[in-house]
Amino acid sequence: MLAAACRPAADTPVVYLSDRRPLAGPVSEAVRPLRVAVAAVISPQGTVASYQLLLSYLADRLSRPVELVQRRTYAEVNALIETGAVDLAFVCTSAYVVGHDDFNMELLVAPRVNGRTVYYSLLIVPQASSAASMADLQGKVFAFTDPMSNSGRLYPTYLVQQLGSAPGQFFSRTFYTYSHDDAIHAVADGLADGAAVDSLVYDFAVAREPDLAERTRIIHRSPPFGIPPVVINPDLRPQLKAELQSLLLNMAGDPQGSAALQAIGVERFVLLNDPAYNSARDLLAAVRLEEP
Amino acid sequence: MSSPLLTQPGSHSFWLNRLWAVAGAVSIRTKILGIVLGLVLLLGLSVTFQVRATLTRTMDDQLQEQAVSVARDLAARATDLILINDLYALHQLLRETQTNNGNVRYAFVVDEQGNVLAHTFGDGFPGDLLAANSAGPDDHHHTIILSTEEGKVWDTAVPIFEGRAGTARVGLSEVGVRRAVTSVTGQLLLTTILMSVVGVTAAALLTWFLTRPILRLAEAAQAVGQGDLGQRVPRWADDEIGDLADAFNALTETLQRAAAERSERDQLRARYVSGVMAAQEEERKRIARELHDSTSQSLTSLLVGLRALGNACDLPEVQQHVAELRGVAAEALRDVHDLARQLRPSVLDDLGLPAALERYAADWQRRHALTVDLAMRGLKEERLPMEVETALYRIVQEALTNVARHAQATTASVLVERHDGVVRAIIEDDGRGFDPPVAGQTEQRLGLYGIRERAELLGGTLTIESEAGLGSSLFVEIPLPFSQKPGFSAKNLVSTESLNSYPLPHDSHAHPSG
């Protein structure tokens, strides 16, 4: 296959480079696809790989094409939800809290992992690092995930503020990886001296790449926060909302749905109420965020 | 110039002959220059051609490899940008790709549905480009060559994220490669031209050294051919041409010696012939004088005696005998006079050539019953040297004798004229003529030989014009010494050689052999 692709084809098609024409816009499809946004908890390629089965499942059950929408930041995804540009979204805990309080972002279902609907922020350092707490990371390089991330930014900022400082002074340098798995890799590769990551992503990444566990070390675990939920625009048609909710809740009972859940490391989807996110809401209120 | 090639039959030899006709016609200098120029050009052009072909192939391969690496790099870096729909960053990436890779003509990214997400064309997008190439999800890459109005373009398609995020397309133009190849070709051609100039200059110098002795030899040989046997050439170098120069020098030396010997022999012979002729003339003169002075006087005395005897005796018988004897004596006296005149007309010595020739022409007409026209111009004012007069007299005598004996002519004409230091005699007849190279009978040949000998002894020439049935003409031209006429030397018509021959008859006069 490689050899066949290496040689140019014998015939040479004629193309006139100066023959410029306006580009045709995207073909409007007769059936509007269900647009599903996945916030960049993990890297875009990882997201595509993990969510492929879930999206296929939804498309199959709804008899409707499903389109995956990704954006670099949580804020961009929130904006898409607010304007109705996406129908369904997998967002981060803090993004939900902000969205809920801003424009009534509606909680549809929440995943249950290891029998619980909570997750933690894990403070990780390279395996060889001598740091035992956030205090030991003073003057070091720290990797944030997303400016809006609960586990990746809010909680470590909170820890630094508890030490009477602010990230800008406390760390020698900070940078954003915009996804949790990239933050784990940044620490594992020694690019950052520390990072705070989503415990779900960390467990999932370590399960897929066991050597990450050998190259990183957890030095602190936060109190539990409400698990990153599945949300919708408050104006979504009630019929579609009910259909989606029922479909997601019943996925675990279906072999194909079960496989799709396994691919994203979720046992099943469950109903959850907004108060489950109050701890995150409190944290958000307590933390004074600097401009990223 | 002959060549073994010329003798070979067949169509091959025709072209070889043509080639030789061209190559053989030019000088050695041109041949060597041609060979040097030909070899330098052949070498230069073949190296240029070879380098150009190899360079083109290598650079095309490199271009193709570059196309693949650039496209794969682009595909890898574009993945996340496409997934998070960051079209501005994608556009920046394409522009950077084009900026950082000199040969990249264009780059663009197509999504899964075949929509162009970003491209480097600015305004609009080339119509047929999108459909021209594609890559399957499992392809490493897929490269095709496109023919565009800007030349060939290596278009490489690489699937992005196994095709799930679309396809990256990169087009690498051959323009840079062609420019580099053209530049190298130009430099090689320039080098070839410079080497040709250097080679031709060196060859010109070399051939100048080589052909200078040959040209000098040719000049010397030409001079030898024109009689200058003193030519010698230096031995330029210790090689074949040096040997040739030595051989040439030896040859001319031999020739010079032989020429000197022949000249000496010729002089001796001329001196001998001249001596013989002078002796002959002296002898004739002496016999004629003897006949005139002695025999004529005796016969005259006899006639006087017989007249006295006739007067003294009245006997009719005696009278009749005396009359008869007187007739015999008178006839004998006339014969003796004729004989003396034929041997050496005293009128030639006393009155000069014109009178002698007039007398001879009258005698000849009378004796042979033929007509002769005698015309003389420029002879009256001053007498010619004695030896010239004698020679001309004998030449006319011999020529008219030949006419009478062999030509079967009715009329002859003799013209003797002196003109510009040359005396010329033309003897013509209307007889049967003869073929000059063969020149008739032995006797006639001998006569002509005598005429030529006399003319040449005085530095003159004989020209014979004759054709069977159309009569014959003899042209004799004898130069005169300077002293004969003022302004003669200015004409410079007489060679040293002809002047040298003059003293010989004088010498023979000074020392008569009889």
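Tutor: Gladly, and keep in mind that this is a predicted model. Let's start with two helices of chain A: the axes of α5(A), residues 150-162, and α12(A), residues 278-286, come within 9 Å and cross at roughly 55 degrees.

Student: Why is α5(A) called oblique to α12(A)?

Tutor: Set the angle of roughly 55 degrees against the cut-offs: under 35 degrees is roughly parallel, over 145 roughly antiparallel, and 65 to 115 roughly perpendicular, with the rest oblique. The crossing angle falls in the rest, so α5(A) is oblique to α12(A). As for the sense of the crossing, α5(A) passes α12(A) in a left-handed way.

Student: Which residues meet where α5(A) touches α12(A)?

Tutor: From α5(A) come Asn150(A), Leu154(A), Tyr155(A) and Tyr158(A), and they meet Ala280(A), Leu283(A), Leu284(A) and Ala286(A) of α12(A). By class, this contact has 7 nonpolar residues, 1 polar and no charged.

Student: Over to chain B. What makes β2 and β4 of chain B edge strands?

Tutor: The strand order is β2-β1-β6-β5-β4 in an open sheet of 5 strands with antiparallel pairing. β2 (116-119) and β4 (142-148) of chain B each pair on one side only, and that makes them the edges. From one strand to the next, the twist averages 20 degrees.

Student: How do you know that β5 and β6 of chain B count as a pair?

Tutor: Pairing needs at least two bridges, and 7 bridges join β5(B), residues 151-159, to β6(B), residues 167-173. These two strands therefore qualify as a pair, and they run antiparallel. Across from Trp154(B) stands Leu172(B) in β6(B).

Student: How would you describe the direction of helix α4 of chain B relative to β1(B)?

Tutor: Helix α4(B), residues 87-100, lies across β1 (104-110) and β2 of chain B and runs at about 155 degrees to β1(B).

Student: How many residues does each chain bring to the contact?

Tutor: Chain A brings 25 residues and chain B 33. On the side of chain A, α2(A) gives the most, with 3 residues, and the classes are 15 nonpolar, 5 polar and 5 charged.

Methods: Residues numbered from 1 in each chain as written. Chains lettered and ligands numbered in written order. Predicted model: local features only at pLDDT ≥ 70, side-chain atom pairs only at ≥ 80, totals over all residues. Axes fitted to C-alpha atoms, helices over the stretch in contact; angles between N-to-C directions. Helix = DSSP H or I, 4+ residues; strand = E, 2+ residues; numbered from the N terminus. Left-handed = near helix turned anticlockwise from the far one by under 90°. Contact = placed C-beta atoms within 7 Å. Nonpolar A, V, L, I, M, F, W, Y, C, P; charged D, E, K, R; others polar.
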